[in-house]
Structure formats: C-alpha cells, structure tokens
Amino acid sequence: MNVLIIFDTRYGNTMKLAKAVAEGASGVKNAYVRLMRVEIIEPEEIINKNDRWKAAVEEYKTLPLAGKDDLRWAHAIVLGSPTRFGNMTAPLKMFIDRTSSLWLNGELEGKVGGVFCSTSSMHGGNETTLLAMMLPLFHHGLIIAGLPYTTPGLATTGRGGTPYGPTSVSGPMSDQGPTGEELSFARSFGYRIATIAGKLFDRG
Ligand SMILES: Cc1cc2nc3c(=O)[nH]c(=O)nc-3n(C[C@H](O)[C@H](O)[C@H](O)COP(=O)(O)O)c2cc1C
C-alpha cells in the first residue's frame, strides 16, 4: 500500500514534521512511502537572502517534485504546509489547483487523506490551515483521517498537535522545534494513516 506525503517548507519546520509522518507510516507493514515537494515559486535571490530559508530549501530541493502520477499511485495522500496568513502556501495551493483532470474522473475518490502544518504562533492559523487543506481533499473524495485524543499527550499539549492533524508552533522567529512531542504526534499520525490505508487497500 502506498503513502504519499506532499509538503511545502521554507524554514524547515514542516519538513521535520513531514519526515516524522514518513517515519510513522514506514513502520506499517507493506507501506511504501514517498516524501515529495512542490514547486518553489520565489526567485532564488529572495530565498538566498535568508540564511535559514537557504539552508532548509537546499535540502527541500533534493526531494522529487510531486506530480499527478504520484497522486494516482498513492492509496493515502498527506499534505503538509507552513501557515501563510492562516492558510496553506501558494505553491501547495497551486499544485492542488492543477489536479482538475483527476477530479473530473474521480481518480482520487476513496483514498485516505490527512494534513499537517506549522505556524509561528499558537492561535495564528494552526487549525485553520489544517481545515483549509482538508477542503480540496474532500472535493476529491478522499476519506480524511485525523489524530484521536487517545494519542499520548494530545489532550494536554501546550503547543502543537490537534485532533485534525499534527502541527508545530515554531515561535516568532520560526526557530523553535518541532518539539519531541510534536514530532511524536506526527509519527503517530503517519502510522495511523498507513494503518487505515492498509486496512482498505492492502491485499498482501
Ligand atoms: C508570508 C508569511 C505568512 C505567515 N503567516 C502566518 C500566520 O498567519 N500565522 C502564523 O502563526 N505564522 C505565520 N507565518 C509563519 C510560518 O507559518 C512559520 O514560520 C512556520 O513555522 C514556517 O514553517 P516552515 O518552517 O515549514 O517554513 C507566516 C510566514 C510567512 C513567511
């Protein structure tokens, strides 16, 4: 069974969450995991002006670009994004907006979906970004899974981690974390997504 994780990042926080989601998903028997990126739309000189963007984007660029065939390949599709004004980033939205042909044919219907994100502030879009990312997944007919409150620490977290999906709160300089607990939520989420996809699709 195939798990596709597509995400965007600039400071690297969402990338750390994405790797933890991938790690969790990989722990499920018969799970094949692809960690993929979307297009970078800023000019290189803008990225290079910020040393931390530059370092994170250098690593991000080594990941393969996601395309429509990857979406077809997947039994579970997980989207991750930094929060931008309470919403996902433009490059991730642009990627989604190019999937109309799949939507027309209902090609993604019945697959498992999930979302994760990173914000600077606790209440600056942590949950709205997750909900916004769910909307196109619903339009495509995916079956959305979140993170249940039996996940250790979720009911008491003072930072990231929501029942809608894992998150991190990176602070005003975007340089804090993800914490060990935020990463453990991301791993649990990846494991859960792959487990559900396995139950629905694994015939092995
Ligand atoms: C243009 C822009 C808009 C942002 N908007 C928000 C926001 O609405 N709420 C928030 O908490 N953080 C906001 N941030 C901060 C990022 O969401 C935060 O730094 C996040 O951790 C970045 O994730 P990344 O490390 O994966 O790039 C914004 C950052 C930028 C550059």
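Author: The questions below go from the overall fold to one strand. The model is predicted.

Reader: What order of helices and strands does the protein follow along the sequence?

Author: The protein has eight helices and six strands.

Reader: What radius of gyration does the protein have, and why does it agree with a compact globule?

Author: A compact globule of 204 residues would have a radius of gyration near 17 Å, so the computed value agrees with that expectation. The C-alpha trace spans about 50 × 40 × 25 Å along its principal axes. The radius of gyration of the protein is 16 Å.

Reader: How far apart are the end C-alpha atoms of residues 3–194?

Author: An unreviewed UniProt entry annotates residues 3–194 as "domain: Flavodoxin-like". That span is 40% helix and 16% strand. Its end C-alpha atoms lie apart by 7 Å.

Reader: How many residues of strand 3 are buried?

Author: Across the protein, buried residues make up 46% of the 204 residues. In strand 3, Ala76, Val78, Gly80 and Pro82 point one way, while Ile77, Leu79 and Ser81 point the other way, and all are buried. For strand 3, residues 76–82, the count is seven of seven.

Reader: Which residue in strand 4 stands opposite Ala76?

Author: Strand 3 pairs with strand 1 in the parallel sense over five bridges, with Ile5 opposite Val78. Strand 3 also runs parallel to strand 4, residues 112–119, and seven bridges join them. In strand 4, the residue opposite Ala76 is Val112.

Note on methods
Residues are numbered from 1 along each chain as its sequence is written. This is a predicted model: local features need pLDDT of at least 70, side-chain atom pairs count only at pLDDT 80 or more; totals for chains, interfaces and linings use all residues. Helices (H or I, at least four residues) and strands (E, at least two) are DSSP runs, numbered from the N terminus. The radius of gyration is taken over C-alpha atoms; the globule rule is 2.2 Å times the number of residues to the power 0.38. A residue is buried if 20 or more other C-beta atoms lie within 10 Å of its own, exposed if 12 or fewer, and partly exposed in between; C-beta atoms are placed from the backbone. UniProt positions are given in the numbering used here, feature names are shortened, and annotations may be inferred rather than shown by experiment. Two strands pair if DSSP finds at least two bridges between them.
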